[in-house]
Every structure is written in C-alpha cells, then in structure tokens.
Amino acid sequence: MQLILIVPFRMQLWNLNTYLYGPKDDLKHRLLWREVYSAEEEAQLKALVCEAESRGLAFVYALSPGQDIVFSSSCDLTLLKRKLRQVSDLGCQAFALLFDDIDHSMCQSDTEAFSSFAHAQVTVANEIFHFLGEPPVFLFCPTEYCSSFCTPSVSKSPYLLTIGEDLLPGISVIWTGNKVISRELSPESLAEVQSVLRRPPLIWDNLHANDYDSRRVFLGPFKGRPPRLRAHLRGLLLNPNCEFEANFIPLHTLGSWYKEGKEEGKGENPVMSQDLKDGENQVSRIFSHEKTPRRGLCSGSIPLSEAQVRLLVGLYYLPHEHGPPAQNLLQDLTWLKANCHCVSVEEWRDRAGRFLAACDDVALLHSAVVNSINRALLYDLYPYIWDLRNTLLVAKAFICWLGETSSGAELHVVEAEPWVFKGGLSGEVQVGII
C-alpha cells in the first residue's frame, strides 16, 4: 500500500480535498462486487481511509454493481448493503454508486418490478442512501453520464428526467460534460443538465484518463475549465492517468485551479490563461523541483532538465491537442511527404534537417529518462518513450529515403515482424478506414 498512501500526501500539498477509490484492478469494486473484503484487504483499505482522513481528505468508496445486479432481488440488495456496511465500519463516511458503461436492458423480474431502467437504479440508490444514514457525500453515476449519451437529448431524455425527478436531493449526480472526454467545460454548457437533474452536477473529468488506450499518456496541465465553473458544480473529480508518476502535472495544476478559483472567485487561473509556452515553463518548474517523497530513488544519477521536461510534456500533452514539439514533428512529416517533388531541393532538405534533428532530440530524451534519478518516472513512462523513439527511427529512415529518390534510389521492402505495426486487427481496420 506504500504507493497508494503517497496519493493523500501529495493531494494535501496541492490543495485537493477528495479521493475517490474505485480502481478497476480491485475485482471486488466491480466484477466481484458482492464479495466482502478479506481481513488483509480490510486492513489495507482501512489504512488508506485513515491516511486520507489524517490529511484532511474525504475518502469516497465507489462500488459498481451495474453489470449484473438484479435490482428487484432482495438478495442482491442485502449483499450490496453488507458490502457497504463493511466499508463503513472501516471508517469510510462517503460513498458512490456507479452505473456507468453498462447495458440499458433489464432482466424479466426487473422489467416487471420497475417502470424503467432509471426507476430501478434510483430505487436502489435511494434505499442505500437511507441505509447508510444519508451521508453528506453520496455520489450517483448515471448510465447516461454525458450529453452525447443522452437519447434523444439532455433535455428530452426520459432516463435523465427520471433521475432528476426521483433521486433524493442529497445525492450528487456525476457528469462528464458534453462528451466522455470533454475538451472544455463552461457554466453555459452545464446549464441544461443542471435543470434536468434539478441539482448542480458533480464533474467526473476524464481529461487525463488513459485507461481506454494503452499507448497514450497525458502529461499536460489541467485546462479548459475556468475557475468560475466551481460556482456551478457540486464538485469536480479528475480521473487520472493509470501511471502514478504521469499525474504530477495534472494534479498539481488542478490544485492550482481550485485554489485560484477559491481565492478570487473569478477569472482564469494563470496556469490556464498564459500562452502555451509560458504554461509549459511553469509546469516544467513544478516537475523539476518536486519536494515530495518518491519511490525507488536509485540507479539513476541526473534529474531531467527543464528543457527535457518541456519536451516530454509536449510530446504527451492532452487528448485533444499535442504540445508544440509533437505538433512540429507531425507538421514537418506531413509537409515532407507532400512536397518531396514539389519544392526546391534546398528547401526540402532544410525542412528535413529540422525533422531529423527533432527525432534525435526524442532519442536523447529517451536516454535522459533512462538515466534520470527519478526511477519511478522511468518505470511508468518508459514504454511510451521507447515506442515513440522506435517509431521515429522508422520515420527518419523514410525521410532519408525520400531525400534520395531524386537520384533513383529504390526502397527495399522486407517482410515486417509482428511487433512493427501495433494494434492488431483493430489497428489494421483503422488504417483501412483512413
């Protein structure tokens, strides 16, 4: 539990106040939700609850029974209460019931007992809320948790309308915005759902989540959410990268956003409102001079420089946008492919030189991370940097070949090994679509 106990420590430093526990690798959170924790698991969970409490953090225990719960079953309801009572006895005072990413269909007995899927969920949620003594923090994640999931729309969704009308007012409703991963959030964009739900939503922000794609990680700052948004929410939870060390900048800048909004109540957080370059300078200083405990300080000898951190963050920025280094790489590669026979040799080679130098910078970054004093960062980010380094080696070879085509050089094609092209069938189908 050493790794997870570091989380409350860092959160306290960064002005954050809530930790929601709902890891997918805890099988008893979702798949085996009916099973109680063993004595050893209880001890670990209690240690985390106590650590959060000692740091002034609200510890929210989340359970996801939606995949196979029978809402009309008294047995399932009893098992649900037993599980949550066990966690409550460990000192937990805040809870969440999650019904996200499940099928809308109900079994025969549920169809006979409830008028709709939403009615079934609300009935169970309200009963659990009463059973737990109506705790001050009780969260409910609906199956339609963003605008794009609502049928036919947010304002006309029978599902959401039932949630808003029948869910007890003491229960907060989770919402991700217009989409699962919303590029921006604004008070105006949330006004409609607030009216339907009859309460301000609690934002579950997937801006930095990467559990949907094992080849992506997001190191950029928390942005696109003005501090004035806070006045229109019951709260905001950031769903982080799976890799612990990757979340330093996202969580640090979230803490800055929260503190700035609380102190000023209006205007943009400086982290968000500066131009992109200045923003990268700031997160680089934060990242390079961290004072919190680290895991595994051994083997490496040199910290990353500010320039290296800026490059690293720029290559793995945010889901909707690349940082300047990645943008430049892609723009140069696209231009070189399109103009290898359309511009002067000098112009093309000048652009190619810039691209090849950028590829070399990534290779040097790979070496710097390998030799960095922060071994935890290496362990978490190495697969991503290694993958990009190797891909750019192929891109370099391709650009060098393009530069020689005018002299009649031929591209010698050999059968590629399976590891060359990532993604299996899904990746090949995407390439076929493109």
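Analyst: Start with a term: buried means under 20% relative accessible area, exposed over 50%, and partly exposed in between (1.4 Å probe, protein chains only). This is a predicted model, where local features need pLDDT of at least 70, side-chain atom pairs count only at pLDDT 80 or more, and totals for chains, interfaces and linings use all residues. Residues are numbered from 1 along each chain as its sequence is written, and side-chain values use heavy atoms, with hydrogens and water left out.

User: OK. Which residues are buried in H12?
Analyst: Ala326, Leu329, Asp332, Trp335, Leu336 and Asn339. The H and E labels are DSSP runs, numbered from the N terminus: helices are H or I with at least four residues, strands are E with at least two.

User: What covers the buried residues of H12?
Analyst: The cover includes helix H11 (306-315), H13 and helix H14 (375-404). Here contact means heavy atoms within 4.5 Å.

User: How do the axes of H12 and H13 cross?
Analyst: The axes of H12 (residues 324-339) and H13 (residues 345-370) come within 10 Å and cross at roughly 145 degrees. Axes are lines fitted to C-alpha atoms, for helices over the stretch in contact, and angles run from 0 to 180 degrees between N-to-C directions.

User: Left-handed or right-handed crossing?
Analyst: H12 passes H13 in a left-handed crossing. That means the near helix is turned anticlockwise from the far one by less than a right angle; clockwise would be right-handed.

User: Which residues make the contact?
Analyst: From H12, they include Leu329, Asp332, Trp335 and Leu336. From H13, they include Trp348, Arg351, Arg354 and Phe355. The contact residues divide into 10 nonpolar, two polar and four charged. Ala, Val, Leu, Ile, Met, Phe, Trp, Tyr, Cys and Pro count as nonpolar, Asp, Glu, Lys and Arg as charged, and the others, Gly among them, as polar.

User: Which salt bridge do arginine 354 and aspartate 332 form, and at what N to O distance?
Analyst: Their side chains meet at 2.5 Å, N to O. The pair links H13 and H12, with arginine 354 and aspartate 332 lying 22 residues apart. Aspartate 332 is buried at 3% relative accessibility, while arginine 354 is partly exposed at 49%. A salt bridge is a side-chain nitrogen of Lys or Arg within 4 Å of a carboxyl oxygen of Asp or Glu.

User: How many salt bridges does the structure hold?
Analyst: The structure holds 13. One of them pairs aspartate 387 with arginine 215, the closest N and O atoms being 2.7 Å apart. Aspartate 387 lies in H14 and arginine 215 in the loop between E6 and E7, so the pair ties together parts 172 residues apart in sequence. Aspartate 387 is buried at 18%; arginine 215 is partly exposed at 41%.

User: Which residues are linked in a network?
Analyst: Arg34, Asp68 and Asp76 are linked in a network of salt bridges.

User: Switching to backbone. Where is the cis peptide bond?
Analyst: It joins threonine 151 and proline 152, with omega about -5 degrees. Proline 152 is in the loop between strand E4 (137-141) and helix H6 (158-166).

User: Which residue has a positive phi of about 60 degrees?
Analyst: Arginine 198, although it is not a glycine. Arginine 198 lies in the loop between helix H7 (187-197) and E6. Arginine 198 is exposed, at 59% relative accessibility. Glutamate 134 also has a positive phi, about 50 degrees. Glutamate 134 sits in the loop between helix H5 (117-131) and E4.
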